[in-house]
Amino acid sequence: MPTLATHRPVLLITAAFSHYDAALEWAKQTLEAAWGHVALESPRFDHRETTYYEATMGPDLKKVFFAFERLVDPATLAERKLQAIAWEDEYGRRASQSEPRPLNIDPGYLTEAKLVLASTKDRDHRIYLSQGIFAEVTLHFHRGQWASRPWTYPDYQRADYHEFFSRCREFLRQSYRESARGQATGQE
(Lines give C-alpha, C1' and ligand atoms only; values in the text may rest on other atoms or scores of the structure.)
Protein backbone atom coordinates (compact mmCIF):
# COMPACT_ATOMS: atom_id res chain seq x y z
CA MET A 1 0.00 0.00 0.00
CA PRO A 2 1.44 3.40 -0.96
CA THR A 3 2.32 5.90 1.71
CA LEU A 4 0.51 9.19 1.20
CA ALA A 5 2.20 12.46 2.02
CA THR A 6 0.94 16.01 2.10
CA HIS A 7 2.26 18.43 -0.49
CA ARG A 8 4.90 20.93 0.55
CA PRO A 9 3.52 24.42 0.99
CA VAL A 10 3.79 26.64 -2.07
CA LEU A 11 4.31 30.32 -2.79
CA LEU A 12 1.00 32.10 -3.27
CA ILE A 13 1.20 34.54 -6.18
CA THR A 14 -1.57 36.83 -7.29
CA ALA A 15 -1.81 38.99 -10.38
CA ALA A 16 -3.91 42.13 -10.26
CA PHE A 17 -4.58 44.28 -13.27
CA SER A 18 -6.54 47.38 -13.96
CA HIS A 19 -6.61 50.70 -15.78
CA TYR A 20 -6.65 52.43 -12.37
CA ASP A 21 -3.78 52.80 -9.91
CA ALA A 22 -6.31 53.11 -7.08
CA ALA A 23 -7.73 49.69 -7.96
CA LEU A 24 -4.28 48.09 -7.80
CA GLU A 25 -3.61 49.73 -4.43
CA TRP A 26 -6.99 48.54 -3.12
CA ALA A 27 -6.20 45.03 -4.35
CA LYS A 28 -2.86 44.97 -2.53
CA GLN A 29 -4.36 46.22 0.73
CA THR A 30 -7.26 43.76 0.53
CA LEU A 31 -4.99 40.83 -0.32
CA GLU A 32 -2.55 41.64 2.49
CA ALA A 33 -5.37 41.97 5.03
CA ALA A 34 -6.62 38.50 4.13
CA TRP A 35 -3.55 36.54 3.02
CA GLY A 36 -0.69 38.20 4.85
CA HIS A 37 2.34 40.31 4.05
CA VAL A 38 3.47 40.71 0.44
CA ALA A 39 7.09 39.57 0.33
CA LEU A 40 7.71 40.43 -3.33
CA GLU A 41 5.94 42.86 -5.63
CA SER A 42 6.62 43.15 -9.34
CA PRO A 43 6.81 46.36 -11.30
CA ARG A 44 3.53 47.45 -12.89
CA PHE A 45 3.79 45.87 -16.31
CA ASP A 46 1.97 47.19 -19.36
CA HIS A 47 -0.64 44.57 -20.29
CA ARG A 48 -0.35 44.98 -24.04
CA GLU A 49 -0.42 41.45 -25.50
CA THR A 50 -4.18 41.27 -25.98
CA THR A 51 -7.23 43.49 -26.29
CA TYR A 52 -9.46 40.76 -24.82
CA TYR A 53 -10.15 42.69 -21.61
CA GLU A 54 -10.65 46.17 -23.09
CA ALA A 55 -14.42 45.84 -23.51
CA THR A 56 -14.95 45.22 -19.78
CA MET A 57 -11.85 46.82 -18.25
CA GLY A 58 -10.84 49.65 -20.55
CA PRO A 59 -7.53 50.36 -22.33
CA ASP A 60 -3.99 50.83 -21.04
CA LEU A 61 -4.13 48.09 -18.42
CA LYS A 62 -1.32 47.58 -15.91
CA LYS A 63 -0.59 44.22 -14.28
CA VAL A 64 1.25 43.70 -11.01
CA PHE A 65 2.16 40.48 -9.21
CA PHE A 66 2.21 39.96 -5.46
CA ALA A 67 4.03 37.02 -3.84
CA PHE A 68 3.08 36.42 -0.24
CA GLU A 69 5.46 35.79 2.62
CA ARG A 70 3.53 32.89 4.17
CA LEU A 71 3.61 29.68 2.17
CA VAL A 72 0.23 27.99 1.65
CA ASP A 73 -1.35 24.62 0.95
CA PRO A 74 -1.85 24.31 -2.83
CA ALA A 75 -5.23 22.66 -2.17
CA THR A 76 -6.59 26.11 -1.21
CA LEU A 77 -6.32 27.49 -4.76
CA ALA A 78 -10.02 27.09 -5.64
CA GLU A 79 -11.22 28.88 -2.51
CA ARG A 80 -8.70 31.67 -3.12
CA LYS A 81 -9.97 32.13 -6.67
CA LEU A 82 -13.55 32.32 -5.40
CA GLN A 83 -12.48 34.93 -2.84
CA ALA A 84 -10.71 36.92 -5.57
CA ILE A 85 -13.89 36.92 -7.67
CA ALA A 86 -15.84 38.22 -4.67
CA TRP A 87 -13.26 41.01 -4.16
CA GLU A 88 -13.47 42.00 -7.83
CA ASP A 89 -17.26 42.27 -7.48
CA GLU A 90 -16.92 44.26 -4.26
CA TYR A 91 -14.50 46.71 -5.82
CA GLY A 92 -16.73 47.06 -8.90
CA ARG A 93 -19.70 47.99 -6.69
CA ARG A 94 -17.70 50.43 -4.54
CA ALA A 95 -15.69 52.14 -7.28
CA SER A 96 -17.06 54.91 -9.43
CA GLN A 97 -15.37 53.80 -12.65
CA SER A 98 -17.40 53.40 -15.82
CA GLU A 99 -16.03 49.96 -16.76
CA PRO A 100 -18.08 46.92 -15.70
CA ARG A 101 -14.93 45.21 -14.39
CA PRO A 102 -12.42 47.79 -13.20
CA LEU A 103 -10.23 45.21 -11.44
CA ASN A 104 -9.09 41.66 -12.19
CA ILE A 105 -7.47 39.52 -9.47
CA ASP A 106 -5.96 36.17 -10.47
CA PRO A 107 -4.43 33.93 -7.79
CA GLY A 108 -2.05 31.10 -8.49
CA TYR A 109 0.95 29.47 -6.92
CA LEU A 110 4.56 28.75 -7.66
CA THR A 111 6.61 25.66 -6.83
CA GLU A 112 10.23 25.05 -7.70
CA ALA A 113 9.02 23.36 -10.89
CA LYS A 114 5.95 25.28 -12.07
CA LEU A 115 3.59 28.24 -12.00
CA VAL A 116 -0.07 27.22 -11.61
CA LEU A 117 -2.94 29.62 -12.30
CA ALA A 118 -6.61 29.31 -11.37
CA SER A 119 -9.38 29.91 -13.90
CA THR A 120 -13.15 29.76 -14.20
CA LYS A 121 -12.85 28.58 -17.80
CA ASP A 122 -12.59 24.90 -18.72
CA ARG A 123 -10.15 23.94 -21.46
CA ASP A 124 -8.59 20.68 -22.60
CA HIS A 125 -5.40 21.34 -20.62
CA ARG A 126 -7.06 22.42 -17.36
CA ILE A 127 -7.85 20.26 -14.35
CA TYR A 128 -11.09 20.75 -12.44
CA LEU A 129 -10.51 21.61 -8.78
CA SER A 130 -13.94 22.37 -7.27
CA GLN A 131 -16.81 24.87 -7.24
CA GLY A 132 -16.34 25.82 -10.90
CA ILE A 133 -12.60 26.47 -10.59
CA PHE A 134 -9.90 24.93 -12.79
CA ALA A 135 -6.11 24.98 -12.63
CA GLU A 136 -3.43 24.96 -15.29
CA VAL A 137 0.34 24.72 -15.30
CA THR A 138 1.07 27.96 -17.13
CA LEU A 139 4.88 27.82 -16.97
CA HIS A 140 7.39 25.19 -15.97
CA PHE A 141 10.98 25.56 -14.84
CA HIS A 142 13.26 23.63 -17.18
CA ARG A 143 17.04 23.71 -17.55
CA GLY A 144 17.41 26.77 -15.37
CA GLN A 145 14.70 28.94 -16.92
CA TRP A 146 10.95 29.36 -17.22
CA ALA A 147 9.40 27.74 -20.27
CA SER A 148 5.93 28.15 -21.67
CA ARG A 149 3.39 25.60 -22.86
CA PRO A 150 1.33 25.82 -26.07
CA TRP A 151 -1.53 27.34 -24.03
CA THR A 152 0.53 29.84 -22.04
CA TYR A 153 -0.95 33.34 -22.22
CA PRO A 154 1.25 35.64 -24.35
CA ASP A 155 2.08 37.99 -21.48
CA TYR A 156 3.27 35.06 -19.32
CA GLN A 157 5.87 34.34 -22.01
CA ARG A 158 7.58 37.69 -21.37
CA ALA A 159 11.15 37.77 -20.10
CA ASP A 160 10.36 40.45 -17.52
CA TYR A 161 7.62 38.25 -16.01
CA HIS A 162 10.05 35.33 -15.95
CA GLU A 163 12.61 37.47 -14.16
CA PHE A 164 10.06 38.22 -11.43
CA PHE A 165 9.02 34.55 -11.19
CA SER A 166 12.69 33.59 -10.81
CA ARG A 167 12.96 35.98 -7.86
CA CYS A 168 9.84 34.32 -6.44
CA ARG A 169 11.32 30.88 -6.98
CA GLU A 170 14.47 31.86 -5.11
CA PHE A 171 12.35 33.29 -2.28
CA LEU A 172 10.48 29.97 -2.11
CA ARG A 173 13.70 27.96 -2.04
CA GLN A 174 15.09 30.20 0.71
CA SER A 175 11.87 29.70 2.68
CA TYR A 176 12.28 25.93 2.36
CA ARG A 177 15.90 26.15 3.56
CA GLU A 178 14.93 28.29 6.56
CA SER A 179 12.10 25.91 7.43
CA ALA A 180 14.47 22.93 7.26
CA ARG A 181 16.98 24.71 9.50
CA GLY A 182 14.22 25.57 11.95
CA GLN A 183 13.02 21.98 12.06
CA ALA A 184 16.55 20.72 12.56
CA THR A 185 17.10 23.19 15.38
CA GLY A 186 13.78 22.24 16.98
CA GLN A 187 14.66 18.54 16.87
CA GLU A 188 17.97 18.95 18.64
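Tutor: Let us begin with a loop. Gln157 is found in the loop between strand 9 (145–148) and helix 4 (159–187). Helices (H or I, at least four residues) and strands (E, at least two) are DSSP runs, numbered from the N terminus. This is a predicted model, in which local features need pLDDT of at least 70 and side-chain atom pairs count only at pLDDT 80 or more, while totals for chains, interfaces and linings use all residues. Residues are numbered from 1 along each chain as its sequence is written, and side-chain values use heavy atoms, with hydrogens and water left out.

Student: How is accessibility read, and what does Gln157 count as?

Tutor: A residue is buried under 20% relative accessible area, exposed over 50%, and partly exposed in between (1.4 Å probe, protein chains only). Gln157 has 41% relative accessibility and therefore counts as partly exposed.

Student: Which residues does Gln157 touch, not counting those up to four places away in sequence?

Tutor: Contact means heavy atoms within 4.5 Å. On that basis Gln157 touches Ser148, Thr152 and His162. A C-alpha separation is another kind of value: Gln157 and Thr138 are 19 residues apart along the chain, and their C-alpha atoms are separated by 9.4 Å.

Student: How many helices and strands are in the protein chain, and in what pattern do they follow along the sequence?

Tutor: The protein chain holds four helices and nine strands. Read along the sequence, the pattern is β-α-β-β-α-β-α-β-β-β-β-β-α.

Student: How does the radius of gyration of the protein chain agree with that of a compact globule?

Tutor: The radius is taken over C-alpha atoms, and the globule rule is 2.2 Å times the number of residues to the power 0.38. For 188 residues a compact globule would have a radius near 16 Å; the protein chain has 17 Å, which agrees. Along the principal axes, the C-alpha atoms fill a box of roughly 60 × 35 × 35 Å. Of the 188 residues, 44% count as buried. As for contacts between residues at least 6 apart in sequence, 68% join residues at least 24 apart.

Student: What is a nonpolar core, and which residues touch the most other members of the largest one?

Tutor: A nonpolar core is a set of buried Ala, Val, Leu, Ile, Met, Phe, Trp, Tyr and Cys residues joined through side-chain atoms within 4.5 Å. The largest has 27 residues, of which Ala16, Leu31, Phe66, Phe68, Leu103 and Ile105 touch the most other members. Elements giving two or more residues to this core include strand 1 (11–18), helix 1 (21–35), strand 4 (62–68) and helix 3 (77–94). Helix 1 gives the most, with six residues. Apart from this core lies another, of 20 residues, among them Ala67, Leu71, Leu115 and Trp146.

Student: Where does Glu112 lie, and which residues are in contact with Glu112 beyond four places in sequence?

Tutor: Glu112 lies in the loop between strand 5 and strand 6. The contacts of Glu112 are Arg8, Phe141, Arg169, Leu172, Arg173 and Tyr176. Glu112 is partly exposed, with a relative accessible area of 27%.
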